[in-house]
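Hi everyone, thanks for coming. Have the structure open on your screen, and follow along as I walk through it.

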Amino acid sequence: MVTLSGCAQRGEPAPVDAVYQGRTVHDFARGSLSSNTYQVQRGDTLYSIAFRAEMDLRDVARLNSLQEPYQIFPGQVLRLDRQAASRPVATAQSAGRQTTNSSNSSSERKNSVNNDLNGSVASNIEQEYGENRTVQQNNAAQRSSSSAQTPSRQMAENGDIEWQWPSQGRIVQRFSTNRPGANGIQFAGLKGDPVTAAAAGKVVYVGSALRGFGRLIILKHNDDYITAYAHNDELMVEEQQWVSAGQQIATMGDSDADDVRLRFELRYQGSSVNPEQYLPRSR
């Protein structure tokens, strides 16, 4: 008697390691756009274009008179003139559209805690901190006067980063590659609970221009690692500010969320990784 077992039906669906959700900045090389203009292709976002052009997102938006949520369309030609982007936008006599765009850009750079910008494509979160390398060099000497104790301005090597938990709240969702939107850890808590820096680093983004993340802070820890802190209430840091590990950077809130929570993501070279593989075992 011959028994056939190879055609037995599975009791559950085959596992899926990842779900393709369209092109992201990972499909392109940083600095791959060198021309002064670019024609938008299907699937592009302003964030991916700014990343590829090594320009600040807000400079690209300002050059092309775009306002939040930075909507672009296939066939549209965008200016990527880096020299024009570095020049001041408005003079005392320019009170029209340029003044409006300039005030929007400058107010976001001042990082008011009441920043209520509306969003764009959340899949490109890791690039929203994208800074022009020249701007980074020019701003490297800036010092934050809002902190009584000046954090170290030396970015640690990968093995020397001292990771800390960003919240003492209960974990309500863990990292998973099998579920869309589970690119990090989500903590429950009460409005006003402290949100702290998971490691020492530099604040490279403060705002709410990413749909689905609410009031967001992104820290750069070195050339490989960044962390993101979403759905905050009060934002307590500014862009270009250096912070210490464990320093409070925000309070927990429910911005662009159904309840009070912190969404925490850790990225290595632009890709999401499981934060619990880096954080201490105990809190």
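**A quick tour**

Let's start with Val-206, which counts as buried because its relative accessibility is 0%; buried means under 20% relative accessible area, exposed is over 50%, and partly exposed is in between, using a 1.4 Å probe and protein chains only. Before I go on, this is a predicted model: local features need pLDDT of at least 70, side-chain atom pairs count only at pLDDT 80 or more, and totals for chains, interfaces and linings use all residues. Residues are numbered from 1 along each chain as its sequence is written, and side-chain values use heavy atoms, with hydrogens and water left out.

Back to Val-206, which sits in strand S6 (residues 201-207). When I say helix or strand, I mean DSSP runs numbered from the N terminus, with at least four residues of H or I for a helix and at least two of E for a strand. Val-237 is 31 residues away from Val-206 along the chain, yet their C-alpha atoms are separated by 7.8 Å.

Now the whole chain. It has 5 helices and 12 strands, and 46% of its 283 residues count as buried. Take the contacts between residues at least 6 apart in sequence: 65% of them join residues at least 24 apart, where contact means heavy atoms within 4.5 Å.

Next up, the rings. How many aromatic pairs does the structure hold? There are 7 of them. Rings of Phe, Tyr and Trp (its six-membered ring) pair if their centres lie within 6.5 Å; planes under 30 degrees apart are stacked, over 60 edge-to-face, and the rest tilted. Look at Tyr-47 and Tyr-70: their ring centres are 6.4 Å apart and their planes are at 75°, so this pair is edge-to-face. Tyr-47 lies in helix H1 (residues 46-52), and Tyr-70 in the loop between helix H2 (57-63) and strand S2 (77-79), so the pair ties together parts that are 23 residues apart in sequence. Tyr-47 has 2% relative accessibility, so it's buried, and Tyr-70 is buried too, at 5%.

Another edge-to-face pair is Trp-165 with Phe-187, at 6.1 Å centre to centre and 85° between the planes. Here Trp-165 is in the loop between helix H5 (133-139) and strand S3 (171-173), while Phe-187 is in strand S4 (residues 185-188), 22 residues apart. Are those two buried or exposed? Both Trp-165 and Phe-187 are buried. Trp-165 also has Arg-283 over its face, 4.8 Å from the ring centre; that label needs NZ of Lys or CZ of Arg within 6 Å of the ring centre and within 35 degrees of the ring normal. Elsewhere, one aromatic cluster is made of Trp-163, Tyr-225, Tyr-268 and Tyr-278.

Last stop: strand S11 (residues 261-268), where 7 of the 8 residues are buried. Strands pair if DSSP finds at least two bridges between them. S4 and S11 run antiparallel, joined by 4 bridges, and Gln-186 has Arg-263 in S11 as its bridge partner. Strand S8 (residues 225-235) is also antiparallel to S11, with 6 bridges, and here Ala-230 stands opposite Arg-263. Then S11 pairs with strand S12 (residues 271-273) over 3 bridges, again antiparallel, and Arg-267 is partnered by Ser-272 in S12. That hairpin has 2 residues between the strands, and Gln-269 takes a positive phi near 50°.
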